[in-house]
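The following exercises are to be worked with the sequence and the three-dimensional model at hand. Each task is followed by a solution in steps.

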Amino acid sequence: MEDFNHSRVSEFVLLGLTDSPEFQIFFFVVFSIFYLMTMLGNCLIFLTILSTSHLHSPMYFLLSNLSLIDMCLSSFATPKMITDFFAQRKTISFEGCISQIFFLHLFTGTEIVLLISMSFDRYIAICKPLHYSTIMSPRVCVGLVVTSWTVGFLHTMSQLAFTLYLPFCGPNVVDSFFCDLPLVIQLACIDIYVLGIFMISTSGVIALISLLLLFTSYIIVLITLRGLSPTGSSKALSTCTAHFIVVLMFFGPCIIIYVWPFTNFLVDKILSVFYTIFTPFLNPLVYTLRNEEMKTAVKKKLSSQYFNLGKISP
(Lines give C-alpha, C1' and ligand atoms only; values in the text may rest on other atoms or scores of the structure.)
Protein backbone atom coordinates (compact mmCIF):
# COMPACT_ATOMS: atom_id res chain seq x y z
CA MET A 1 0.00 0.00 0.00
CA GLU A 2 2.93 2.37 0.63
CA ASP A 3 3.96 2.11 -3.03
CA PHE A 4 0.44 3.03 -4.06
CA ASN A 5 0.36 6.04 -1.72
CA HIS A 6 3.71 7.33 -3.04
CA SER A 7 2.46 7.14 -6.65
CA ARG A 8 -1.08 8.35 -5.98
CA VAL A 9 -2.40 10.74 -8.63
CA SER A 10 -2.48 14.39 -7.56
CA GLU A 11 -5.20 15.44 -9.98
CA PHE A 12 -7.91 14.14 -12.27
CA VAL A 13 -8.67 15.24 -15.83
CA LEU A 14 -12.34 15.97 -16.52
CA LEU A 15 -13.45 15.36 -20.11
CA GLY A 16 -16.51 17.56 -19.64
CA LEU A 17 -19.64 17.42 -21.78
CA THR A 18 -18.03 18.02 -25.18
CA ASP A 19 -14.74 18.95 -26.83
CA SER A 20 -16.39 20.94 -29.61
CA PRO A 21 -15.55 24.69 -29.31
CA GLU A 22 -18.94 25.68 -30.76
CA PHE A 23 -20.88 23.51 -28.32
CA GLN A 24 -18.72 24.70 -25.43
CA ILE A 25 -19.69 28.32 -26.10
CA PHE A 26 -23.35 27.30 -26.41
CA PHE A 27 -23.26 25.29 -23.17
CA PHE A 28 -21.43 28.12 -21.39
CA VAL A 29 -24.22 30.57 -22.19
CA VAL A 30 -27.06 28.11 -21.48
CA PHE A 31 -25.71 26.75 -18.20
CA SER A 32 -24.67 30.21 -16.97
CA ILE A 33 -28.26 31.37 -17.45
CA PHE A 34 -29.65 28.22 -15.81
CA TYR A 35 -27.31 28.56 -12.84
CA LEU A 36 -28.11 32.25 -12.35
CA MET A 37 -31.86 31.60 -12.57
CA THR A 38 -31.56 28.63 -10.21
CA MET A 39 -29.84 30.69 -7.54
CA LEU A 40 -32.19 33.66 -7.95
CA GLY A 41 -35.35 31.50 -8.00
CA ASN A 42 -34.47 29.40 -4.97
CA CYS A 43 -33.14 32.41 -3.08
CA LEU A 44 -36.39 34.26 -3.80
CA ILE A 45 -38.46 31.35 -2.44
CA PHE A 46 -36.25 31.07 0.63
CA LEU A 47 -36.41 34.81 1.43
CA THR A 48 -40.14 35.05 0.65
CA ILE A 49 -40.98 32.26 3.09
CA LEU A 50 -38.62 33.71 5.68
CA SER A 51 -40.14 37.21 5.50
CA THR A 52 -43.84 36.31 5.05
CA SER A 53 -45.54 35.54 8.36
CA HIS A 54 -48.50 33.57 6.96
CA LEU A 55 -46.05 31.21 5.22
CA HIS A 56 -44.48 30.19 8.54
CA SER A 57 -46.10 26.76 8.40
CA PRO A 58 -44.55 23.26 8.32
CA MET A 59 -45.04 22.83 4.57
CA TYR A 60 -43.30 26.10 3.69
CA PHE A 61 -40.61 25.61 6.33
CA LEU A 62 -39.68 22.34 4.61
CA LEU A 63 -39.96 24.00 1.19
CA SER A 64 -37.53 26.76 2.24
CA ASN A 65 -35.03 24.09 3.28
CA LEU A 66 -35.50 22.35 -0.07
CA SER A 67 -34.64 25.62 -1.81
CA LEU A 68 -31.52 25.92 0.33
CA ILE A 69 -30.41 22.38 -0.55
CA ASP A 70 -31.12 22.99 -4.25
CA MET A 71 -28.85 26.06 -4.18
CA CYS A 72 -26.13 23.90 -2.60
CA LEU A 73 -26.69 21.01 -5.04
CA SER A 74 -26.50 23.37 -7.98
CA SER A 75 -23.26 24.96 -6.72
CA PHE A 76 -21.04 22.00 -5.85
CA ALA A 77 -20.00 21.41 -9.50
CA THR A 78 -21.79 23.81 -11.87
CA PRO A 79 -19.56 26.91 -11.39
CA LYS A 80 -16.44 24.84 -12.14
CA MET A 81 -18.11 23.26 -15.16
CA ILE A 82 -18.97 26.73 -16.51
CA THR A 83 -15.42 28.06 -16.07
CA ASP A 84 -13.95 24.85 -17.51
CA PHE A 85 -15.62 25.52 -20.86
CA PHE A 86 -12.78 28.01 -21.52
CA ALA A 87 -9.99 25.83 -20.10
CA GLN A 88 -7.65 24.04 -22.47
CA ARG A 89 -7.10 21.29 -19.92
CA LYS A 90 -9.88 20.60 -17.44
CA THR A 91 -8.33 19.32 -14.23
CA ILE A 92 -9.34 18.98 -10.59
CA SER A 93 -7.09 18.14 -7.64
CA PHE A 94 -7.48 14.83 -5.82
CA GLU A 95 -8.78 16.69 -2.78
CA GLY A 96 -11.18 18.72 -4.95
CA CYS A 97 -12.47 15.53 -6.55
CA ILE A 98 -13.11 13.92 -3.15
CA SER A 99 -14.83 17.13 -2.02
CA GLN A 100 -17.21 16.98 -4.99
CA ILE A 101 -18.12 13.37 -4.13
CA PHE A 102 -18.63 14.39 -0.49
CA PHE A 103 -20.94 17.31 -1.27
CA LEU A 104 -22.83 15.47 -4.01
CA HIS A 105 -23.82 12.61 -1.69
CA LEU A 106 -24.37 14.97 1.25
CA PHE A 107 -26.85 17.13 -0.66
CA THR A 108 -28.59 14.32 -2.53
CA GLY A 109 -28.88 12.20 0.63
CA THR A 110 -30.27 15.18 2.52
CA GLU A 111 -32.75 16.00 -0.25
CA ILE A 112 -34.03 12.42 -0.37
CA VAL A 113 -34.93 12.49 3.34
CA LEU A 114 -36.33 16.02 3.05
CA LEU A 115 -38.62 15.00 0.17
CA ILE A 116 -39.86 12.09 2.30
CA SER A 117 -40.48 14.57 5.14
CA MET A 118 -42.47 16.82 2.80
CA SER A 119 -44.52 13.83 1.69
CA PHE A 120 -45.16 12.94 5.34
CA ASP A 121 -46.29 16.54 5.97
CA ARG A 122 -48.84 16.38 3.12
CA TYR A 123 -50.02 12.94 4.29
CA ILE A 124 -50.72 14.27 7.81
CA ALA A 125 -52.34 17.46 6.48
CA ILE A 126 -54.76 15.57 4.22
CA CYS A 127 -55.33 12.27 6.04
CA LYS A 128 -55.19 13.51 9.65
CA PRO A 129 -56.09 17.22 9.49
CA LEU A 130 -57.40 17.43 13.07
CA HIS A 131 -54.06 16.26 14.44
CA TYR A 132 -51.88 18.20 11.97
CA SER A 133 -50.81 21.05 14.27
CA THR A 134 -50.00 18.60 17.06
CA ILE A 135 -48.02 16.15 14.93
CA MET A 136 -46.24 18.72 12.75
CA SER A 137 -45.11 20.96 15.61
CA PRO A 138 -42.15 23.35 15.16
CA ARG A 139 -40.00 20.93 17.14
CA VAL A 140 -40.90 18.04 14.82
CA CYS A 141 -40.23 20.18 11.72
CA VAL A 142 -36.76 21.17 12.97
CA GLY A 143 -36.15 17.53 13.89
CA LEU A 144 -37.04 16.42 10.34
CA VAL A 145 -34.59 18.92 8.82
CA VAL A 146 -31.81 17.97 11.26
CA THR A 147 -32.48 14.29 10.53
CA SER A 148 -32.25 15.00 6.79
CA TRP A 149 -28.80 16.59 7.11
CA THR A 150 -27.64 13.88 9.53
CA VAL A 151 -28.67 11.07 7.19
CA GLY A 152 -27.05 12.89 4.27
CA PHE A 153 -23.80 13.26 6.24
CA LEU A 154 -23.76 9.61 7.34
CA HIS A 155 -24.49 8.49 3.79
CA THR A 156 -21.69 10.52 2.21
CA MET A 157 -19.20 9.45 4.90
CA SER A 158 -20.03 5.80 4.23
CA GLN A 159 -19.22 6.36 0.55
CA LEU A 160 -15.99 8.26 1.27
CA ALA A 161 -14.77 5.75 3.84
CA PHE A 162 -14.75 3.26 0.98
CA THR A 163 -13.23 5.61 -1.60
CA LEU A 164 -10.42 7.24 0.40
CA TYR A 165 -8.63 3.95 1.00
CA LEU A 166 -8.52 3.01 -2.67
CA PRO A 167 -5.10 3.33 -4.38
CA PHE A 168 -5.19 5.74 -7.35
CA CYS A 169 -1.96 5.51 -9.35
CA GLY A 170 -3.34 6.17 -12.84
CA PRO A 171 -5.13 6.55 -15.21
CA ASN A 172 -6.75 9.76 -14.03
CA VAL A 173 -9.32 10.67 -16.73
CA VAL A 174 -12.93 11.12 -15.57
CA ASP A 175 -15.46 11.02 -18.40
CA SER A 176 -17.79 13.65 -16.97
CA PHE A 177 -17.89 17.31 -15.92
CA PHE A 178 -17.53 16.49 -12.20
CA CYS A 179 -16.25 13.67 -9.99
CA ASP A 180 -18.88 11.06 -9.26
CA LEU A 181 -18.35 7.82 -7.40
CA PRO A 182 -19.15 5.33 -10.22
CA LEU A 183 -16.59 7.00 -12.51
CA VAL A 184 -13.84 7.69 -9.99
CA ILE A 185 -13.58 4.25 -8.38
CA GLN A 186 -13.09 2.70 -11.82
CA LEU A 187 -9.70 4.46 -11.86
CA ALA A 188 -8.43 2.60 -8.77
CA CYS A 189 -5.37 0.41 -9.29
CA ILE A 190 -7.04 -2.68 -7.83
CA ASP A 191 -9.99 -4.76 -8.96
CA ILE A 192 -12.98 -3.38 -7.05
CA TYR A 193 -15.74 -4.38 -9.46
CA VAL A 194 -17.83 -6.53 -7.11
CA LEU A 195 -17.33 -4.35 -4.04
CA GLY A 196 -17.78 -1.19 -6.12
CA ILE A 197 -21.02 -2.47 -7.62
CA PHE A 198 -22.30 -3.22 -4.11
CA MET A 199 -21.33 0.18 -2.65
CA ILE A 200 -22.65 2.26 -5.54
CA SER A 201 -25.81 0.25 -6.06
CA THR A 202 -26.59 0.83 -2.39
CA SER A 203 -27.23 4.48 -3.26
CA GLY A 204 -29.53 3.45 -6.09
CA VAL A 205 -31.42 0.96 -3.93
CA ILE A 206 -31.89 3.59 -1.19
CA ALA A 207 -33.29 6.00 -3.79
CA LEU A 208 -35.53 3.28 -5.24
CA ILE A 209 -36.93 2.28 -1.83
CA SER A 210 -37.48 5.95 -0.95
CA LEU A 211 -39.34 6.46 -4.24
CA LEU A 212 -41.58 3.45 -3.54
CA LEU A 213 -42.37 4.83 -0.07
CA LEU A 214 -43.25 8.17 -1.60
CA PHE A 215 -45.43 6.50 -4.25
CA THR A 216 -47.29 4.63 -1.50
CA SER A 217 -47.91 7.80 0.49
CA TYR A 218 -49.20 9.64 -2.59
CA ILE A 219 -51.56 6.77 -3.43
CA ILE A 220 -52.99 6.95 0.10
CA VAL A 221 -53.33 10.73 -0.22
CA LEU A 222 -55.09 10.45 -3.61
CA ILE A 223 -57.55 7.93 -2.17
CA THR A 224 -58.23 10.29 0.74
CA LEU A 225 -58.73 13.25 -1.62
CA ARG A 226 -61.70 11.52 -3.22
CA GLY A 227 -63.68 12.11 -0.03
CA LEU A 228 -62.90 15.83 0.29
CA SER A 229 -64.90 18.78 -1.00
CA PRO A 230 -64.08 19.91 -4.58
CA THR A 231 -62.38 23.12 -3.36
CA GLY A 232 -60.22 21.44 -0.72
CA SER A 233 -59.51 18.54 -3.02
CA SER A 234 -58.36 20.82 -5.85
CA LYS A 235 -55.96 22.80 -3.64
CA ALA A 236 -54.51 19.67 -2.01
CA LEU A 237 -54.17 17.93 -5.37
CA SER A 238 -52.31 20.91 -6.83
CA THR A 239 -49.82 20.88 -3.93
CA CYS A 240 -49.33 17.11 -4.10
CA THR A 241 -48.87 17.24 -7.87
CA ALA A 242 -46.07 19.79 -7.44
CA HIS A 243 -44.40 17.51 -4.89
CA PHE A 244 -44.81 14.50 -7.15
CA ILE A 245 -43.23 16.27 -10.15
CA VAL A 246 -40.20 17.28 -8.04
CA VAL A 247 -39.87 13.72 -6.71
CA LEU A 248 -39.87 12.21 -10.21
CA MET A 249 -37.36 14.77 -11.54
CA PHE A 250 -34.97 14.11 -8.66
CA PHE A 251 -35.26 10.36 -8.14
CA GLY A 252 -35.45 9.24 -11.77
CA PRO A 253 -31.87 10.14 -12.81
CA CYS A 254 -30.40 9.04 -9.45
CA ILE A 255 -31.96 5.58 -9.71
CA ILE A 256 -30.85 5.05 -13.31
CA ILE A 257 -27.25 6.15 -12.62
CA TYR A 258 -26.74 4.31 -9.33
CA VAL A 259 -28.79 1.13 -9.73
CA TRP A 260 -26.91 0.26 -12.94
CA PRO A 261 -23.39 1.73 -12.50
CA PHE A 262 -20.39 1.33 -14.84
CA THR A 263 -22.49 1.67 -17.99
CA ASN A 264 -20.41 4.53 -19.46
CA PHE A 265 -23.36 5.53 -21.61
CA LEU A 266 -23.81 9.10 -22.82
CA VAL A 267 -27.19 9.04 -21.09
CA ASP A 268 -25.38 9.10 -17.72
CA LYS A 269 -23.89 12.51 -18.58
CA ILE A 270 -27.31 13.81 -19.60
CA LEU A 271 -28.90 12.50 -16.40
CA SER A 272 -26.09 14.03 -14.32
CA VAL A 273 -26.80 17.41 -15.92
CA PHE A 274 -30.50 16.90 -15.22
CA TYR A 275 -30.33 16.30 -11.48
CA THR A 276 -27.47 18.73 -10.74
CA ILE A 277 -28.64 21.63 -12.92
CA PHE A 278 -32.15 21.26 -14.34
CA THR A 279 -33.93 19.85 -11.26
CA PRO A 280 -32.74 22.65 -8.91
CA PHE A 281 -33.76 25.11 -11.64
CA LEU A 282 -37.22 23.61 -12.15
CA ASN A 283 -38.13 23.25 -8.46
CA PRO A 284 -38.87 26.99 -7.92
CA LEU A 285 -40.96 27.06 -11.10
CA VAL A 286 -42.95 23.97 -10.09
CA TYR A 287 -43.73 25.23 -6.61
CA THR A 288 -44.57 28.81 -7.59
CA LEU A 289 -46.59 28.07 -10.73
CA ARG A 290 -48.70 25.34 -9.09
CA ASN A 291 -49.16 27.04 -5.71
CA GLU A 292 -51.35 30.14 -5.70
CA GLU A 293 -50.39 31.08 -2.13
CA MET A 294 -46.69 30.91 -2.97
CA LYS A 295 -47.21 32.72 -6.27
CA THR A 296 -49.05 35.59 -4.55
CA ALA A 297 -46.38 35.88 -1.83
CA VAL A 298 -43.56 35.97 -4.41
CA LYS A 299 -45.36 38.71 -6.39
CA LYS A 300 -45.81 40.78 -3.22
CA LYS A 301 -42.15 40.28 -2.32
CA LEU A 302 -41.00 41.42 -5.77
CA SER A 303 -43.42 44.37 -5.75
CA SER A 304 -42.24 45.54 -2.33
CA GLN A 305 -38.60 45.29 -3.38
CA TYR A 306 -39.32 47.25 -6.56
CA PHE A 307 -41.20 49.87 -4.55
CA ASN A 308 -38.35 50.20 -2.06
CA LEU A 309 -35.83 50.58 -4.88
CA GLY A 310 -38.06 53.26 -6.42
CA LYS A 311 -38.05 55.25 -3.18
CA ILE A 312 -34.25 55.06 -2.91
CA SER A 313 -33.69 56.16 -6.52
CA PRO A 314 -33.38 59.96 -7.00
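A cavity is defined on a 1 Å grid over the protein atoms alone as a set of points where a 1.4 Å probe fits but cannot get out, and its lining residues have an atom within 4 Å of a point. Grid points are joined across faces, edges and corners, and a volume is the space filled by probe spheres set on the points. The model is predicted: local features need pLDDT of at least 70, side-chain atom pairs count only at pLDDT 80 or more, and totals for chains, interfaces and linings use all residues. Residues are numbered from 1 along each chain as its sequence is written, and side-chain values use heavy atoms, with hydrogens and water left out.

**Exercise 1. Determine how many cavities of 30 Å³ or more the structure holds, and describe the lining of the largest cavity by class.**

Step 1. One cavity of 30 Å³ or more is present. The space in the largest cavity amounts to about 50 Å³.

Step 2. The lining of the largest cavity consists of Leu14, Gly16, Leu17, Met81, Asp84, Phe85, Lys90 and Phe177.

Step 3. For the classes, Ala, Val, Leu, Ile, Met, Phe, Trp, Tyr, Cys and Pro count as nonpolar, Asp, Glu, Lys and Arg as charged, and the others, Gly among them, as polar. The lining of the largest cavity accordingly has five nonpolar, one polar and two charged residues.

**Exercise 2. Identify the salt bridges of the structure, and state whether aspartate 84 is buried or exposed.**

Step 1. A salt bridge requires a side-chain nitrogen of Lys or Arg within 4 Å of a carboxyl oxygen of Asp or Glu. Three salt bridges are found.

Step 2. Arginine 89 and glutamate 11 form a salt bridge at 3.0 Å, N to O. This pair joins distant parts of the chain, 78 residues apart: arginine 89 lies in the loop between helix 4 (78-84) and strand 2 (91-93), and glutamate 11 in strand 1 (residues 11-14). Helices (H or I, at least four residues) and strands (E, at least two) are DSSP runs, numbered from the N terminus.

Step 3. Buried means under 20% relative accessible area, exposed over 50%, and partly exposed in between (1.4 Å probe, protein chains only). Arginine 89 is exposed because its relative accessible area is 52%, whereas glutamate 11, at 26%, is partly exposed.

Step 4. Aspartate 84 pairs with lysine 80, their closest N and O atoms being 3.2 Å apart. The two residues, aspartate 84 and lysine 80, are four residues apart in helix 4, so about one helical turn separates them. Aspartate 84 is buried at 8% relative accessibility, and lysine 80 is partly exposed at 23%. Aspartate 84 is also among the residues that line the largest cavity.

Step 5. Aspartate 121 and arginine 122 form a salt bridge, with 2.8 Å between the closest N and O atoms. Both aspartate 121 and arginine 122 are buried.

**Exercise 3. Which residues does serine 74 touch, not counting residues up to four places away in sequence, and which does methionine 71 contact beyond that range?**

Step 1. Serine 74 is buried, with 1% relative accessibility; methionine 71 is buried at 12%.

Step 2. With contact taken as heavy atoms within 4.5 Å, serine 74 touches Tyr35, Thr38, Pro79, Thr276 and Pro280 outside that sequence range. Methionine 71, leaving aside its neighbours within four places, contacts Met39, Asn42 and Cys43.

Key. 1 Å grid on protein atoms, 1.4 Å probe; cavity = no way out; pocket = protein on both sides within 12 Å on 5 of 7 lines; lining within 4 Å.
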